[in-house]
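Hello,

Here is the structure for you to look over.

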Amino acid sequence: MTSIRHNEAVLDAARDCVLAYGVRRTTLTDVARRAGVSRMTLYRRWPDVRTLVADLMTREWVRVVGELDLSDPVRAVVAGVRGLRAHPLWRKIVEADPELLVPYLLDRRGASHEAILEVLERVVGDPRKARAVLLVAQSFLLSAPTMLDPVTLDELDSELAALLEAYLG
């Protein structure tokens, strides 16, 4: 039997609720109703919406990374940043609930970080470089929109590629 913790229907329902209402306004009751499971079933697995959303973010971000062509690490990282930046869940969290990201920036690595580091370590062959690449990519993901004018996102993404080429080349 598949664990409810990784139940696609529950995670899909959570995604739909977050996209509709934002994280703060989503309840486990909303998610249970959409997923067609009891509220208590969810409460046994997730103590709160934030824990459920953390699992949802991991699923979604790992999917983006899983779809990348890793044969060219530089192109893959830039495509990953673009893919995450355009992802509807990412956009909703950044617009409505950005404080949700702060612990992952200041306090701890999340499961998404661990999964991405595993891929980067395999691709670049060095744990130190993998971490440096992740930090640079994360800064371009999070902060690039604050650096627009007079440059565009495409121009900044080109600069990210140039940085990575110089570092990894």
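The largest pocket in this predicted model has a volume of about 700 Å³. A pocket here is an open set of points on a 1 Å grid over the protein atoms alone, where a 1.4 Å probe fits, with protein on both sides within 12 Å along at least five of seven lines. Lining residues have an atom within 4 Å of a point. The volume is the space filled by probe spheres set on the points, which are joined across faces, edges and corners.

The largest pocket has 38 lining residues; closest to its centre are W61, L84, S112, H113 and I116. Six helices each supply at least two of the lining residues: α1 (8-21), α4 (49-66), α5 (73-86), α7 (102-106), α8 (111-124) and α9 (127-143). Helices are DSSP runs (H or I, at least four residues), numbered from the N terminus. The largest share, eight residues, is from α8. By class the lining has 26 nonpolar, seven polar and five charged residues. Nonpolar means Ala, Val, Leu, Ile, Met, Phe, Trp, Tyr, Cys and Pro; charged means Asp, Glu, Lys and Arg; the others, Gly among them, are polar.

The second largest pocket holds about 160 Å³. Its lining is R85, W90, R91, V94, E95, L141, L142, P145 and T146. Helices α6 (88-96) and α9 each give two or more of these residues. The largest share, four residues, comes from α6. Five lining residues are nonpolar, one is polar and three are charged.

Next, R131. This residue sits in helix α9. R131 has a relative accessible area of 32%, so it counts as partly exposed (buried is under 20%, exposed over 50%, partly exposed in between, with a 1.4 Å probe and protein chains only). Beyond its neighbours within four places in sequence, R131 contacts R109, L117 and E121 (heavy atoms within 4.5 Å). Its side chain also reaches the backbone oxygen of P127 at 3.1 Å.

Last, the rings. There is one aromatic pair. Rings of Phe, Tyr and Trp (its six-membered ring) pair if their centres lie within 6.5 Å; planes over 60 degrees apart are edge-to-face, under 30 stacked, the rest tilted. The pair links helix α4 to helix α6, 29 residues apart. Both W61 and W90 are buried.

On conventions: residues are numbered from 1 along each chain as its sequence is written, and side-chain values use heavy atoms, without hydrogens and water. Local features need pLDDT of at least 70, side-chain atom pairs count only at pLDDT 80 or more, and totals for chains, interfaces and linings use all residues.

Best wishes

Methods
A polar contact is a pair of N or O atoms within 3.5 Å; within protein, one must be able to donate a hydrogen and the other to accept it, and residues adjacent in sequence count only if both atoms are side-chain atoms.
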